[in-house]
Amino acid sequence: MKIGFLGIGLMGLPMAQRLVDAGHLLTVYNRTAAKLEPLTGGTIAHSPQEAIANSDCVILMLTDASAIQDTLFSDASKLTEKTVIQMGTIAPLESQAIRDQVVAAGGDYLEAPVLGSIPEARSGSLIVMVGAEPQQYDRWLPVLKIFGSDPVLLGSVGSAAAVKLSLNQLIGSLTSAFAASLGLVTAQGVEVEAFMKILRQSALYAPTFDKKLQRMCDPLRVTRRDRDYSNPNFPTKHLQKDINLFITAAQSAGLEVSNVEGVRQVLDRAIALGLAEADYSALFSAIVPE
Ligand SMILES: NC(=O)c1ccc[n+]([C@@H]2O[C@H](COP(=O)([O-])OP(=O)(O)OC[C@H]3O[C@@H](n4cnc5c(N)ncnc54)[C@H](OP(=O)(O)O)[C@@H]3O)[C@@H](O)[C@H]2O)c1
């Protein structure tokens, strides 16, 4: 299959590599050409239009809806009879608006955002959530399975975007709640491991706590040091984007979101501390001053 891929960032690189390794004829485009260097195989396009023209299907793994406008719609005439599979994290309304633009240009559109990060993208074990019509899902399932063994059809376009934002709201809320508790425990001089032993036995425990503990404060020295936010799989700036998208979508659904607004303030503070590109566990530093 001839596939175009727009957005070779942290996630796009391992995902594009899997498509090449599975034998697809891939044409890739990235705004910053240097990021294409680690990709083995595939053809490099010098513009998004070139990648689209060389393909039957175009996969998007771009930051946000504005990046999609800048690339996919730089020349909408190229979209006739192409299928666009949008895999980044955007809002339900944004996804539906992009679908309408693609359809108006004579193309087809489905959304397939993913849960999981770089390790899962490399191993093909992402959780792929699909917003599409059943026949679109059946048609593109073999391609989606390259990223995760069991893509889930959730409903029409918008439904998978909503589920993805709901999951990322949990990432922000759980991580900031854990950081605050960890902060009080350490301020009181209680052994972190004693706190963790109780937490792990309780119904409150989430596996992400231990994963992020290693970066926030590492009593067992699994990493080299405390507050180690280097080599992010998912940077703070993207979690901030997703929490903002969640708040907007939840407010238009009539939900009360003051708890999530608190998470947004924490992320805003982390960004103000210069931690936009750091791993999102850096929100610990916004809650617990050094
Ligand atoms: N990282 C994760 O763990 C993870 C997991 C699931 C979903 N996601 C979502 O997947 C998407 C991509 O994430 P990522 O971590 O791969 O992000 P990333 O490393 O920041 O990559 C973003 C990509 O978008 C491109 N881009 C941004 N603005 C652009 C513009 N105006 N014009 C053209 N290209 C533009 C970037 O190009 P340049 O290289 O030129 O900047 C880059 O290729 C995001 O929506 C993110 O929320 C991420």
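1. The model under discussion is predicted. In the protein chain, the domain assignment gives domain 1, residues 2-156, and domain 2, residues 162-287. A distance of 28 Å separates the C-alpha centres of domain 1 and domain 2.

2. Contact between the two domains involves 11 residues of domain 1 and 13 residues of domain 2. On the side of domain 1 that touches domain 2, the residues comprise 8 nonpolar, 2 polar and 1 charged.

3. The opening question can now be answered. The shell around the ligand lies between domain 1 (2-156) and domain 2 (162-287), because both give residues to it.

4. There are 24 residues around the ligand, of which Gly9, Arg31, Thr32, Ala67 and Gly88 come nearest. Sorted by class, this shell holds 12 polar, 8 nonpolar and 4 charged residues. At least two residues of the shell come from each of helix H3 (65-72) and helix H10 (236-252). The largest share, 3 residues, is supplied by H3.

5. The largest nonpolar core contains 76 residues, and Phe5, Ile59, Leu60, Ala112, Val130 and Leu283 have the most contacts inside it. Helix H7 (residues 159-187) contributes the most to this core, namely 8 residues. Domain 1 (2-156) and domain 2 (162-287) each provide at least three residues of this core. In soluble globular proteins, nonpolar side chains tend to be buried together.

6. Apart from its neighbours within four places in sequence, Phe5 is in contact with Gly12, Ala16, Leu19, Leu26, Val28, Ala51 and Ile59.

Methods
Residues numbered from 1 in each chain as written. Predicted model: local features only at pLDDT ≥ 70, side-chain atom pairs only at ≥ 80, totals over all residues. Domains from an automatic or database assignment. Contact = placed C-beta atoms within 7 Å. Nonpolar A, V, L, I, M, F, W, Y, C, P; charged D, E, K, R; others polar. Near = placed C-beta within 6 Å. Helix = DSSP H or I, 4+ residues; strand = E, 2+ residues; numbered from the N terminus. Core = buried A, V, L, I, M, F, W, Y, C linked by C-beta atoms within 7 Å. Buried ≥ 20, exposed ≤ 12 C-beta atoms within 10 Å, placed from the backbone.
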